[in-house]
Amino acid sequence: MRSLLLLLVAALGGGLMWASFDPIDVAALAFPALVLLALAVRGRSMLFGFLAGTVWGLAFFLPLVSWSWTAVGEPLPWVALSISQALFIGLTGGIWARVSTMPTIPAAILGAFAFAGTEVIRTNFPFGGFPWGMVAFSQVGTPLLRTAPYIAAVGVTFLTVALSLLLASGVRFLYEGPRVEGLILVLTPVLAVTLCVSIPLSVRGSETLRVGWVQGGPDVGEHDSGRALNVTLRHEEETMRLLESEPELDLILWPESASDRDIRTTPEAMEIVQRVSAASDVPLLLGTQEYIDDGRYNDYSLIIEGEFVDHYSKSRPVPFGEFIPMRDFFRNFTDAVDQVSTDMLAGEGPAVLDVPVGERTVALAVPICFEIAVDQVVQDAINGGGTALIVPVNSASFGDSAESLQQMEQTIFRAVEHSRSAVQVSTVGVSGVVMPNGTLVAQSDKLEAASGVYGIPLRDELTPATRYGHIYRIVALIGALLSLVWAIARRKERS
């Protein structure tokens, strides 16, 4: 009976972690979410810790990525994705169960390493990983976000978890004693989070870029030239409306898949792009597809004076969303794998495009859609010279779900982490503009046409997170391995 009660506590914790993300978006709930998992597994066996962690993970991931059911149209891929991610939390729970019997500070440190290091593995493995639901992203609404430029996403996860584990010990001591120590441990995380408010974040740039972003809105069948062309036509219409009111621009941004048809080989699509290019007389960035014999590339392309000049091909396609690993094997369970009829191939090089603007050339980081959640892709793009973040996304498959809002949280986090302005531009919403300090200065609604203009500062200074983020992740992995070894040793000690 006690074990069942503890599993329910773990499930409640996972639900609270979900609520720290959009659409509920109460960031502070991440702390009690982690506290409940810590209390549920404390002093238990590694097997029970694994079970409780998996339950916590399911209660978190099932609602968090419910939009994957919307996109695919059947529940099995959604459930499989949630289980695969929850198992990583199960591993963390198993480690926590044993290291929790150590003294408070070492237990918090090893426990935080276990979560942060396992998260690094989860976001990169298998098949390239799935970085959705990183604890760091939940902290966009708390002062801990201000630590991101210094300790990177993995560090924010570590700090959030470590403070939560101290809080869990404090709650336990307040109940069991010694109460003075418990009070100190409860107040320490509160004080630490409060002190983060004093960390300065700069917004000044060496130059300003006046960008116009365009969200074409959903395909409502106003044209009869085919669905993919309809999407491109809707972006043309919204761009023309924008140019009527805001003719003075440096650059126009269209989203991922603004043209599902390859503008290099589809004259009808290229004609639309050329009309926009001629009307605006500024560079245009837009997402398109390139099909080859063995697959396709997801490109973000640069158009100047109606000519295709350059492109970046997405380097981290989404497993099961954009390509199907082990297709024949997974077809035994669901024919939904065939909804991705042509696998997306991985491009090469950092996500950077050099854009001529007047007499200058501006280097822009352009991670495509889900890549904004991938640590390495964004870090490499900024280290590759990106002076601002442009995030083209296509949320058309996710309906009115929270997917696009969750992605905006990621864009805000990356803007602060790397001290860059960021513009997220979507086909159907949400789109928005973020300052380097994380301030959201413009945001569209979902499922409608929208556009806007904003002068964003360009910055070339590199934050410690940009310089050393890969080292932080290696340290987290080493720490997670150490915590696992320690947990196993204490398991043998217990037996």
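Is Asp-262 buried or exposed? Asp-262 is buried, with a relative accessible area of 7%, where buried means under 20%, exposed over 50% and partly exposed in between (1.4 Å probe, protein chains only). The legends below start from this residue and its partners. Please keep in mind that the model is predicted: local features need pLDDT of at least 70, side-chain atom pairs count only at pLDDT 80 or more, and totals for chains, interfaces and linings use all residues. Residues are numbered from 1 along each chain as its sequence is written, and side-chain values use heavy atoms, with hydrogens and water left out.

**View 1. Salt bridges around Arg-264.** Arg-264 forms a salt bridge with Asp-262, with 2.8 Å between the closest N and O atoms; the term stands for a side-chain nitrogen of Lys or Arg within 4 Å of a carboxyl oxygen of Asp or Glu. Arg-264 also forms a salt bridge with Asp-299, where the closest N and O atoms are 2.7 Å apart. Arg-264 lies in the loop between strand S2 (251-253) and helix H10 (267-280) and Asp-299 in strand S4 (residues 295-304), so this pair ties together parts that are 35 residues apart in sequence. Helices (H or I, at least four residues) and strands (E, at least two) are DSSP runs, numbered from the N terminus. Asp-299 is buried at 0% relative accessibility, while Arg-264 is partly exposed at 30%. Through shared partners, salt bridges join Asp-262, Arg-264, Glu-290 and Asp-299 into one network.

View 2. Arg-172 is buried, with a relative accessible area of 15%, but Glu-176 counts as exposed at 53%.

**View 3. The ring pair of Trp-67 and Phe-398.** The structure holds 13 aromatic pairs. Rings of Phe, Tyr and Trp (its six-membered ring) pair if their centres lie within 6.5 Å; planes under 30 degrees apart count as stacked, over 60 as edge-to-face and the rest as tilted. Trp-67 and Phe-398 make an edge-to-face pair, 5.2 Å centre to centre with 80° between the planes. This pair links distant parts of the chain, 331 residues apart: Trp-67 is in helix H4 (residues 67-72), and Phe-398 is in the loop between strand S8 (389-393) and helix H13 (403-417). Both partners are listed with their accessibility: Trp-67 is buried at 4%, and Phe-398 counts as buried at 11%.

**View 4. The ring pair of Trp-96 and Phe-115.** The ring centres of Trp-96 and Phe-115 are 6.0 Å apart and the planes stand at 45°, so the pair is tilted. Trp-96 sits in helix H5 and Phe-115 in helix H6 (residues 104-122), 19 residues apart. Trp-96 is buried, with a relative accessible area of 3%, and Phe-115 is buried as well, at 4%. Ring pairs link Phe-21, Trp-56, Phe-60, Phe-61, Trp-96 and Phe-115 into a cluster.

**View 5. The nonpolar core around Trp-56.** The largest nonpolar core has 117 residues, and those with the most contacts inside it are Trp-56, Trp-96 and Leu-364. Such a core is a set of buried Ala, Val, Leu, Ile, Met, Phe, Trp, Tyr and Cys residues joined through side-chain atoms within 4.5 Å. Helix H7 (residues 148-176) gives the largest share of this core, eleven residues. A second, separate core of 20 residues includes Leu-229, Leu-249, Ile-263 and Met-270. Leaving aside neighbours within four places in sequence, Trp-56 is in contact with residues including Ala-10, Met-17, Leu-37, Ile-89 and Phe-115, contact being heavy atoms within 4.5 Å.

**View 6. Ala-487 in helix H14.** Ala-487 is found in helix H14 (residues 464-494) and is buried, with a relative accessible area of 0%. Apart from neighbours within four places in sequence, Ala-487 is in contact with Met-46, Ile-95, Arg-98 and Val-99. From C-alpha to C-alpha, Ala-487 and Leu-110 are 9.4 Å apart in space, though 377 residues apart in sequence.
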